[in-house]
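Good morning, and thank you for making time on the agenda.

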Amino acid sequence: MAELDTSSGGGHKKGPGVKKGKKLSTRIDLTPMVDLGFLLITFFMFTTTLAKPKTMEINMPYKDKNLTDEDKNKIKKSVALTVLLSKNHRVYYYEGIADDPDHQPEYKVTGFAQKNGIRDVIINKKKMVDDMKRSGALTAKDQATVLIKPDTTSTYSDLVNMLDEMNINDVKVYAIIDISTIEQDNIKATEAANGIK
Amino acid sequence: MPHAKIPRKSTNIDMTAMCDVAFLLLTFFMLATKFKPEEPVVVKTPSSISSIILPDKDVMLLTVDAKGRIFFAIDNKLKRKELIEDLNASKDLKLTEAEKNSFALGASVGVPLGQLKQYLSSTPEQQKSMDATTPGIPVDTAVNVPTNELGDWIVSARTTNPAVRICIKADGDASYPNVSKIIKTLEGYKIFKFNLITNLKSIPQGTAAYIEANSGTGEKK
């Protein structure tokens, strides 16, 4: 233990006339100190924030009031995938941008599951665009574009999950857009057709 | 029968080494610790694969809880003081010096401007109970209207510190329209670049991001 050796084990022997001072042990019991030390460690360990919060950077498209609807719809239909976020973390999607109100595309439903979720849909879309590029139907500049339209019943986590999918699948072009009333009606119609309440 | 004599050993253990270790660890944690800023509400952020670290300074934090209430916070005591003076002047809040100091030293604020004076003059305990019931900072889809007070906060924050970075820390269960209002407000002030605070999750295997992350190490899939 932490102590100074004060015992005169093999040292000089004092003369017979010299009185020996009373020897006090310098041994200190360190147990309480260790206890205290660990108590404080525990406290600091619980209060410390070693991991800094991580952030995700997003850039919203620049909005200019002078922009007409025609300018906005400049993306090619064949590269677009529209994803609608709905309640209970359901995801509806359709190919293209559905600019013709008379011919609404078929809505398909999926989710954020690891398998057969929205990720596979995006991967397929990217593959399709790549194939079309190779066959010459699209120019090299064209990229798969995802339009994210969260509806009023979706949550923030849906949005973040979707943006995360963009990063995971390396989709370079995507945008968050307000949902249209036609699309909301279509979601309701799809839900009714599938018996989802 | 003679049995083997077990030598008696002292049960005293040398505590010095243990003590050393304990205090070494203690010193480490004391130096590495940075106390969590007090949060007005519990927020469970969603996860993403993004690993960008939140910058240390010039951060404006908008906390959104599951009910969609907005709380405003900004770092740096001096900037907070400047901000509240600016807001006081532009919105004619009639705050006293003590109330301004209370804001400068405090954490998040999530009350409408009309209640700000009362909020800042109350004790921390009272503020906590007010945080539990407050409607949050009022926000609207339209930008330059009196009902959008978040806009006033943003304007003041940007005039006092032009380099401020806007971070949104929202609960995963917050409904999209509430978050959308904030984004709309930011867009109204020509802020198109901001950060969303998320937890880190691992990159799923086999995806484009996974290949990208591992291509540097020579492991290609």
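**The sheet of chain A**

In chain A, strand 2 and strand 5 run parallel to each other and are joined by six bridges. Please bear in mind throughout that this is a predicted model. Within that pairing, A:A80 has A:T145 as its bridge partner in strand 5 of chain A.

Strand 5 of chain A, residues 145–150, also pairs with strand 6 of chain A, again in the parallel sense, over four bridges. Here A:L147 stands opposite A:A175 of strand 6. How many of the six residues of strand 5 of chain A are buried? Five of them are, and the strand is mostly covered.

On another pairing of strand 2 of chain A, residues 80–85, the partner is strand 3, residues 91–95; these two run antiparallel and share five bridges. One facing pair is A:L85 and A:V91, the latter in strand 3 of chain A.

Taken together, the strands of chain A form an open sheet of five with the order 4-3-2-5-6 and mixed pairing. Strand 4 (108–110) and strand 6 (173–176) of chain A are its edges, each pairing on one side only. From one strand to the next the twist averages 25°.

The phi angle of A:H89 is near 60°, a positive value in a residue other than glycine. Is A:H89 buried or partly exposed? It counts as partly exposed, because 14 C-beta neighbours lie inside 10 Å.

**Chain B**

I turn now to the second chain. Chain B contains eight helices and six strands, and from the N terminus on its elements follow the order α-β-β-β-β-α-α-α-α-α-β-α-β-α. Why can chain B be called more spread out than a compact globule? Its radius of gyration is 25 Å, whereas the globule rule gives 17 Å for 221 residues, so the value is well over that expectation. The C-alpha trace of chain B spans about 100 × 55 × 30 Å along its principal axes.

Of the 221 residues in chain B, 33% are buried. Among contacts in chain B between residues at least 6 apart in sequence, 67% join residues at least 24 apart.

Two positions in chain B deserve a side-by-side look. B:K169 belongs to strand 5 of chain B, residues 165–170, and this lysine is buried, since 21 other C-beta atoms lie within 10 Å. Apart from neighbours within four places in sequence, B:K169 is in contact with B:V43, B:T45, B:L61, B:L62, B:T63 and B:I197. By contrast, B:K190 is exposed, with 8 other C-beta atoms within 10 Å. B:K190 sits in the loop between helix 7 (176–188) and strand 6 of chain B, and its phi is near 60°, a positive value in a residue other than glycine.

**The core and the contact between chains**

Which residues have the most contacts inside the largest nonpolar core? They are A:V83, B:I70 and B:I168, in a core of 62 residues. Not counting residues up to four places away in sequence, B:I168 touches B:L62, B:V64, B:I182, B:F194, B:L196 and B:I197. In soluble globular proteins, nonpolar side chains tend to be buried together.

As for the contact between chains, 42 residues of chain A meet 52 residues of chain B. On the chain A side, helix 1 (31–47), strand 1 (54–59) and helix 4 (156–168) are the elements giving two or more residues. Helix 1 of chain A gives the most, with ten residues. By class, this side of chain A has 21 nonpolar, 15 polar and six charged residues.

Notes
Residues are numbered from 1 along each chain as its sequence is written. Chains are lettered from A and ligands numbered from 1 in the order in which they are written. This is a predicted model: local features need pLDDT of at least 70, side-chain atom pairs count only at pLDDT 80 or more; totals for chains, interfaces and linings use all residues. Two residues are in contact if their C-beta atoms, placed from the backbone, lie within 7 Å. Ala, Val, Leu, Ile, Met, Phe, Trp, Tyr, Cys and Pro count as nonpolar, Asp, Glu, Lys and Arg as charged, and the others, Gly among them, as polar. The radius of gyration is taken over C-alpha atoms; the globule rule is 2.2 Å times the number of residues to the power 0.38. A residue is buried if 20 or more other C-beta atoms lie within 10 Å of its own, exposed if 12 or fewer, and partly exposed in between; C-beta atoms are placed from the backbone. A nonpolar core is a set of buried Ala, Val, Leu, Ile, Met, Phe, Trp, Tyr and Cys residues joined through C-beta atoms within 7 Å. Two strands pair if DSSP finds at least two bridges between them. Axes are lines fitted to C-alpha atoms, for helices over the stretch in contact, and angles run from 0 to 180 degrees between N-to-C directions.
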